[in-house]
Amino acid sequence: MAEITARKRIWGWYWFDWASQPYHTLLLTFIFGPFFAAVATEFFMSQGLPELAADAKAQSIWSWGLAAAGLIVGFGAPIMGALADTAGRVRPWVAFFGMLYVIGAGSLWWTQPDGSNIWAMMVAFGVGFIGAEFALVFTNSQLPSLADQNEVGEISGSGFAFGYVGGLVALAIMLVLFVEQANGKTLIGLPPGLGLLDADTREGTRIVGPFVALWFVVFMIPYALWVKDVPKPGSKHSLKGAFAILGRTIRSLRHKRSLAAYLGSSMFYRDALNGLYGFGGVYASLVLNWPIILIGVFGIVSGIAAAAFSWLGGRVDGKRGPKPVIIGSVLVLMTVCLVIVNMSRDAFFGIPLTAGSNLPDILFFGCGMLIGGMGGTLQSASRSMMVRHVDLDAPTESFGLYGLSGRATAFMAPALIAWFTTVTGSARLGVSPLIGLFALGLVLLIWVKPQGER
């Protein structure tokens, strides 16, 4: 059997990003999320709620579902990571959580257009989301072993860029061949699934779940072939050992000011970013009344920006380090949130718009480019910064702790959005708490050392 070169191992690792990204691009943000919101809104309107109240109710359900899934990931990630570190094996965990990814995504086919099973489908989405997030924790932990510290920023950025291209290609295929418009045809005028799917029951949109599941299975093959574990001699999985590693790492935080500040900072700004990802498409559906097909085109524009900026961000990271990249990305995303909160079909920052104005659509397309571009750059630089703080004796547990910082409060953004949406009765104003979360993350970056803390 031919030896697996270091370059091939890096490319195998890249392929995980390509394979897994569609869960976030197609399901969380641009197709299933808005579809779920629209179905839930129609369901609540059929129960007698006015449209604005039905919009708020739909967004609240989506928010609480994401919050619950985030809690499970947040508190489970460091334990799972520590358990993997006791034996030095990552691949079995990636395979297990990949199976949850496939089951959860595939189950979304059964979403009923009349909204009669929205809670069951929220659970199915959560199962797949948990699988995707846990698998990411384990593959992130392999980054320090791919190259030395001076190269991980560029590798991380290239991985995110490659993943976004994968999400972009998958989204384009869905729009061209499957997702039906109001006239029952796809973006280029074809019947959904080349006539094999029923547009009246939204099968062209519902097929997104099985499509994402199949995409993952096929494109994980290079990862499975080229990214091998290096088990620790004479070691085996031990729950007792896992808790010992976890306890040691948590206790050590009081002596590692930079790491503690970074985990706190990333906890807030990554929570806010996930809030943007989770509600960008929902906002377009509920506030701007965009159809799914237009949201998909919006996703393509956002995906192109994400791939380009992630790659460029990786280059800047390689030359100047990740901290300036993180600060710049957070500032841009705070500005985007401010624009979104102050924009509706009728007014922009309180200035009335003429009836039928396209300004909100144009501005939101611009916001989408910045969310995709700066979001991808922020995630890449954050992963690179964590490598500068990682414990090389327990990399998976360290990234499990990083996963905890990103998910322990993952309920916060959805819960705050749900609460603000309920209190204000507005899906638009419900997004405003994200500005505060980004600001908290920015303040805590003051105590983070640019070169990390080993």
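A cavity is a set of grid points where a 1.4 Å probe fits but cannot get out. The exercises below apply to a predicted model.

**Exercise 1.** Determine how many cavities of 30 Å³ or more the whole structure holds, and describe the lining of the largest cavity.

*Solution.* 
1. The search of the whole structure returns three cavities of 30 Å³ or more.
2. The largest cavity has a volume of about 690 Å³. Its lining comprises 41 residues, of which H24, F160, N274, Y277 and Q379 are the closest to the centre.
3. At least two lining residues come from each of α1 (6-30), α5 (118-140), α6 (149-177), α11, α12, α14 (359-387) and α15 (395-407). The greatest contribution is that of α1, with nine residues.
4. Sorted by class, the lining of the largest cavity contains 18 nonpolar, 18 polar and five charged residues.

**Exercise 2.** Characterise the largest pocket by its volume and its lining.

*Solution.* 
1. Helices α2 (32-46), α3 (51-85), α11 (257-286) and α12 (292-320) each provide at least two lining residues; α2 gives the most, with five.
2. The lining of this pocket divides into eleven nonpolar, six polar and six charged residues.

**Exercise 3.** Classify F96 as buried, partly exposed or exposed, and identify the surface patch to which F96 belongs.

*Solution.* 
1. F96 is located in helix α4 (residues 91-107).
2. Because its relative accessibility is 39%, F96 counts as partly exposed; this class lies between under 20% (buried) and over 50% (exposed).
3. Together with M99 and I103, F96 makes a nonpolar surface patch of about 280 Å².

How values were computed: Residues numbered from 1 in each chain as written. Predicted model: local features only at pLDDT ≥ 70, side-chain atom pairs only at ≥ 80, totals over all residues. Heavy atoms only, no water. Patch = residues over 30% accessible without salt bridge, like charges linked within 9 Å, V, L, I, M, F, W, Y side chains within 5 Å. Areas by Shrake-Rupley, 256 points an atom, 1.4 Å probe, with all protein chains shown as cover. Salt bridge = Lys/Arg side-chain N within 4 Å of Asp/Glu carboxyl O. Helix = DSSP H or I, 4+ residues; strand = E, 2+ residues; numbered from the N terminus. Buried < 20%, exposed > 50% of the residue type's maximum accessible area, 1.4 Å probe, protein only. 1 Å grid on protein atoms, 1.4 Å probe; cavity = no way out; pocket = protein on both sides within 12 Å on 5 of 7 lines; lining within 4 Å. Points joined across faces, edges and corners; volume = space filled by probe spheres on them. Nonpolar A, V, L, I, M, F, W, Y, C, P; charged D, E, K, R; others polar.
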